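Dear colleague,

Please find below the structure that I am handing over to you. My notes on it follow directly after.

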Amino acid sequence: TPYVAILSFGFLVLALAVTVIEVALIVSMMLAGGPDKAALPRDTIFSTLMIICNGVVGLCLVVGSLRHREQVFRIEGANTSLATLIAMAALTIVLPTFTTSSPGPTYTSAQLGFAAAMSLLLWALFVFVQTVRHRDYFLPAADPDNEAVHAAAPSNTQAWASLGLLLVALVVVVGLAKSLSPGIEAGVREAGLPTAVIGIAIALLVLMPE
């Protein structure tokens, strides 16, 4: 249906946009900082996971409960999302700590290629489940007693407004990232904070569009 297509396309656009911004920002800071920024991707990814799973989700639960008292969600979609996220987080953040082929919490080139391929495969399977195989799991239900009855599709005005606001937010994030990155690094050094704080700041900037 058009509603399913709008939601599926929106999920993909937002996920790809945020990923492109985060990767570009991390790579630019790593190139400028040299070997000292080798741990920046790990710190940023970990910070992003914690902010989303604890901060964003927790805030949504609190605000939603205050407004609606009782919230309705699809447990199948939530389980699928969390299972994929846990597998990818373990593959990219946890397992490098236990590998012994290279010194430190790092992968060898072969292991890194395997991790990248498996992460891409997991993401592709999740997108397939979300948009094709079990797309109903990710659609809001209008009637809690009948999950097959979905909420009304957004109007053309709402869809175009959402697209415009997303593009504005992405442009703002890119501009902020480029202008604030040197200031963030200098502030972290002057405050004597660990370099992992830079990853938290990047995660917060990248998540602003969401």
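Ser47 is in contact (heavy atoms within 4.5 Å) with Gly199, Ile200 and Ala203, leaving aside its neighbours within four places in sequence. This is a predicted model, in which local features need pLDDT of at least 70 and side-chain atom pairs count only at pLDDT 80 or more, whereas totals for chains, interfaces and linings use all residues. Residues are numbered from 1 along each chain as its sequence is written, and side-chain values use heavy atoms, with hydrogens and water left out.

Ser47 belongs to helix α2; helices (H or I, at least four residues) and strands (E, at least two) are DSSP runs, numbered from the N terminus. Ser47 counts as buried because its relative accessible area is 8%, where buried means under 20%, exposed over 50%, and partly exposed in between (1.4 Å probe, protein chains only).

Ile26 sits in helix α1 (residues 2–33) and is buried, because its relative accessibility is 7%. Residues up to four places away in sequence not counted, Ile26 touches Leu40, Pro41 and Thr44.

Helix α2 covers residues 40–68. Its 29 residues reach 39 Å from first C-alpha to last, close to the 42 Å expected at 1.5 Å a residue (1.5 Å times one less than the number of residues). At Ile52, α2 bends by about 35 degrees, the bend being the angle between axes fitted to the seven residues ending there and the seven starting there. The buried residues of α2 are Leu40, Asp43, Thr44, Ser47, Thr48, Leu49, Ile51 and Gly64. After α2 comes Arg69, with a positive phi near 70 degrees.

Ile52, Val56, Val57 and Leu61 make a nonpolar surface patch of about 300 Å². Patch residues have over 30% relative accessible area and no salt bridge, with nonpolar side chains (Val, Leu, Ile, Met, Phe, Trp, Tyr) joined within 5 Å; a salt bridge is a side-chain nitrogen of Lys or Arg within 4 Å of a carboxyl oxygen of Asp or Glu.

As for the whole protein chain, it has 6 helices and 2 strands, in the order α-α-α-α-β-β-α-α. Of its 210 residues, 25% are buried. Among contacts between residues at least 6 apart in sequence, 65% join residues at least 24 apart. The accessible surface (Shrake-Rupley method, 1.4 Å probe) comes to about 13400 Å², of which 71% belongs to carbon and sulfur atoms.

With kind regards

Conventions:
Patches are made of residues with over 30% relative accessible area and no salt bridge: like charges are joined within 9 Å, nonpolar side chains (Val, Leu, Ile, Met, Phe, Trp, Tyr) within 5 Å.
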